[in-house]
Amino acid sequence: MKQSLLILFSLIFSASFVFAQNTVTGVVKGANNATIPGATVTVRGTNTAVVTDANGAFTINAKQQPPFYIRISYVGYKPQDFQILKLQDTPIELILVEDTQLDEIVVTSRRRSEVLQDVPIPITVIGGQTAENAGAFNVNRLKELVPSVQLYASNARNTTLNIRGLGSTFGLTNDGIDPGVGFYVDGVYHARPAATSTDFLDIEQIEVIRGPQGTLFGKNTTAGAFNITTTKPTLNPTAKVELSVGNYNFIQAKTSVSGSVAKNLAAKISISGTQRDGTIWNTKEERRYSGQNNLGFKGQLYYTPSDRLQVLLSGDVSIQHPAGYPLVIAGVTPTERSAYRQYARIVSDLGYPQPKIDPFSREINSNTPWRHNQSIGGISLNVDYKIGGGTLTSTTAWRFWNWDPTNDRDFSEISALTKSQGNTHHDQYSQEIRYAGNITDKLSGVIGVFALSQDLKGLGQTEEVGKDQWRFVQTGNTGSQALYSTPGLLDGFGIKTNSTIKSLSTAIFAQVDWEFLEHLHILPGLRFTYDKKDVDYDRATYGGLQTTDATLLSLKAAVYSNQRFNTSTENNNLSGNVTLSYRPNPKLNVYGTFSTAYKPVGVNVGGLPTTSTGEADLSLAVVKPEYVEHYELGVKTKPIKGAILNLSVFNTDIKDYQTNVQSPQLGVNRGYLANAEKVNVKGLEVDATYQLERFLSLNAAVAYLDGKYVTFTNAPLPLEETGHTEIINGTATQIAFKDASGGRLPGISKWNISGGTELSTSGSLATKPGRYFVAGDVSYRSEYSSNATPSSVLNVQGYSLLNARLGFKSEKFSVFVWSRNIANKNYYEQLQAAAGNSGLYAGVLGDPRTYGATFRFNF
């Protein structure tokens, strides 16, 4: 009996000893040496977790022998892992770093991890949580936070994403042109601008890089890039749930679950759904438009067999079936056409009332349903392998985009241009291989190769006119023109277009950073690019009055005609940059850059203007590449503790600027591409941030931009000058183009300002420690042109927007109320002339005041 008791006592003692030997005690503190109560302490890779007490102390049983990792996390601080190599009797002291220490933000804009202030490139960084808290759940809403970003969208396809006023053509999109702003998510290039309309899923950080970056990224980035990284799966089980509700029956739900599925293999599934009623009422259909109906999925597998190898497999899909995004009638202006061809006269002759010019009543009466359905997604494989002082990275990806729209392009109850459907399917395949890192103590850099193949198909794209179109195209009521009123002549008359663009872009690029003298760095870069595009375009007419009458057939052909052409074009380019950077201490970085850049050759697939014989003008089928020269001077400083002040000035010249112009011919109502001989954009940017402990944060940014056509001798007439005549060789001749040299570029405000603040204080809610906060941000844009050629009518007036939020945040949950556009400011995002240039123009409205509440819980 005594022997049994002795054995039992020994086992209990041994178990107690093992328990004690696997127990970690410690204290969690901040950088100011103050203890942090309520911090979560987790044994990485397990479900074992505790919370620090009122003195920041904790005790946790790891249930395993060292070495192992514990993770410390708390709201307002960066989650940090600490390796436990041995157990000790005395408490360990663990110091957390505040995630509000702005000078320690790490970026990957040079394809390796670096502190933001050390990078001699103008970059704005927005954390994923910051973007979500500000209500920026897609790229479109980021423009209020970054003054140098311009994004205009009448729908997902017709999206213009610009940085410093450059990047994409303004207005209606032509698929034959490449964007000048690179858009990357986890290293994968997204070729179609529609990607900017999808909801963010688990965003870790957004880097907005300004200026040409062709020697760092796979695809040409003549104006800058968005470099978006998402959070990776974790071996430690985690989950997040977020729910937002608001006016207009807004509801948005997000969830993300991550954890281990096998040894060294983590998985994550993320889902996002957004629903909102429309803000525009169609009185004819009695339904709302401009709503949201988005659903997004993302799945990832993250394999980390060693510290040297990381493999990330990602798949995502986003499906959007919104209630359409109609334009509202914004006004009617007289043109220089005859009185017979003014919009008011045409409407009166057709027996309709004059249109209601009250855009901010948010009412329309169009008679064709608006539809803007799309699906977009893909699969990617990222492999990172550490070799020497750097990392070899391979990024392989396939992405798709399906676009299924219907638009009423006369914007009214009139049956003129009743249907415009640019149905599109896009596939892209990309491969990038690069090596980036330190070569020696004084030398680092990146070298890579890139290939992108695209297959973009226009699938039965349709444009159709109705029973009232005859009066819009009729130039008089005598002679053959009077026959336009022949019953049924243009009823249901239209075109169906099938087009294909097959493109290939390949490149090799490299850039190094050499500290050739103490604190003085030189950064040369070089890029060689090859681009090829093959186009097959086939447009056929259908419908209308079936007749053999030559005169009637000629009248129909003046509205729409068959067009078919094939073309192939290729181009190569050698470009590069050189930067000098002086970094005498961690508080100062002065740099200067000269770079050349290139945007590939373009092709027209929106219909070509016709020659005097009625044939397609094939001289306009191919659009010359853009060539860029860019100069920039900048300084990054940390003048006092907690403050950052950065400034840059730049000058960009572009030869053969690719621009979208609007033809007066109905058959090319989407517009077509052309080259302006030379444009110039110059400006000044100032960014400032200040953080006072954890209580107060301030940020402000100002961008001054001056963009103009230096030379544009063959610009299209603005709407109000349509029908302009000049005396040529003694004869009054109607002209379609003008010299717009010296005029301002579209979409560029001279002044763009944003600012924000957050004030917080520690407290508890339902016994959970955290911080109460109140925050707000404001943005201002001055007036800008909304037409390819400067117009006295198509200008968007300047406006300011104010957003705010108030709530509580902790490590485990957050709850806050918010409002966007608190002042309920009425403003346009874009104005555009209706097809046919009869004097009518319409606008894309900005959102009215919205408000709601968000609840977020982390497991």
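This is a predicted model: local features need pLDDT of at least 70, side-chain atom pairs count only at pLDDT 80 or more; totals for chains, interfaces and linings use all residues.
Aromatic pairing was examined first. A pair of aromatic rings is described by the distance of the centres and the angle of the planes. The count comes to 24 aromatic pairs. In one of them, the ring centres of Phe183 and Phe226 lie 6.1 Å apart, and the planes meet at 40°, so the pair is tilted. This pair links distant parts of the chain. Phe183 belongs to strand E13 (residues 181-185) and Phe226 to strand E16 (residues 224-230), 43 residues apart. Both Phe183 and Phe226 are buried. Another tilted pair is formed by Phe808 and Phe813, with centres 5.7 Å apart and planes at 40°. Phe808 is buried, at 2% relative accessibility. Phe813 is also buried, at 10%. Ring pairs join Phe808 and Phe813 with Tyr772 and Phe855 in a cluster.

Arginines also sit over aromatic rings. Arg164 lies over the face of Phe650, 3.9 Å from the ring centre. Arg308 lies over the face of Tyr385, at 5.6 Å from the ring centre. Tyr385 is located in strand E26. With a relative accessible area of 37%, Tyr385 is partly exposed. Tyr385 also belongs to a nonpolar patch on the surface. Strand E26 (371-387) and strand E32 (520-542) each contribute at least two residues to the patch.

Charged pairs were considered next. Side chains of opposite charge can pair when their charged atoms come close. The structure holds 35 salt bridges. One of these joins Arg820 and Glu144, with an N to O distance of 3.0 Å. The two residues are 676 residues apart. Arg820 lies in strand E50 (residues 813-820), whereas Glu144 lies in the loop between helix H2 (128-133) and strand E11 (149-153). Arg820 is buried at 10% relative accessibility, and Glu144 is buried at 13%.

A salt bridge also connects Asp847 and Arg276 (3.2 Å, N to O). This pair spans 571 residues. Asp847 occupies the loop between strand E52 (840-845) and strand E53 (850-858), and Arg276 is in strand E19 (residues 265-276). Asp847 is partly exposed, at 24% relative accessibility. Arg276 is buried, at 6%.

Arg399 and Asp316 form a further salt bridge, at 3.1 Å from N to O. Arg399 is in strand E27 and Asp316 in strand E23 (residues 309-320), 83 residues apart. Arg399 is buried, with a relative accessible area of 8%. Asp316 is partly exposed, at 25% relative accessibility. Shared partners join the salt bridges of Arg164, Arg210, Glu632, Glu685 and Asp687 into one network.

Phe250 lies in strand E18 (residues 250-262). Phe250 is buried, at 9% relative accessibility. Beyond its neighbours within four places in sequence, Phe250 is in contact with Ser244, Val245, Thr274, Gln275, Arg276, Gln292 and Trp818. Phe250 and Phe82 are 168 residues apart in sequence, and their C-alpha atoms are 42 Å apart in space.

Pro405 is in strand E27 (residues 390-406). At 1% relative accessibility, Pro405 is buried. Not counting residues up to four places away in sequence, Pro405 touches Arg371, His372, Ser420, Gln421, Gly422 and Asn423. Pro405 and Pro369 are 36 residues apart along the chain, with 9.8 Å between their C-alpha atoms.

Key:
Residues are numbered from 1 along each chain as its sequence is written. Side-chain values use heavy atoms; hydrogens and water are left out. Helices (H or I, at least four residues) and strands (E, at least two) are DSSP runs, numbered from the N terminus. Buried means under 20% relative accessible area, exposed over 50%, partly exposed in between (1.4 Å probe, protein chains only). Contact means heavy atoms within 4.5 Å. Rings of Phe, Tyr and Trp (its six-membered ring) pair if their centres lie within 6.5 Å; planes under 30 degrees apart count as stacked, over 60 as edge-to-face and the rest as tilted. A charge sits over a ring if NZ of Lys or CZ of Arg is within 6 Å of the ring centre and within 35 degrees of the ring normal. Patches are made of residues with over 30% relative accessible area and no salt bridge: like charges are joined within 9 Å, nonpolar side chains (Val, Leu, Ile, Met, Phe, Trp, Tyr) within 5 Å. Accessible areas come from the Shrake-Rupley method with a 1.4 Å probe; for residues, only the protein chains shown count as cover. A salt bridge is a side-chain nitrogen of Lys or Arg within 4 Å of a carboxyl oxygen of Asp or Glu.
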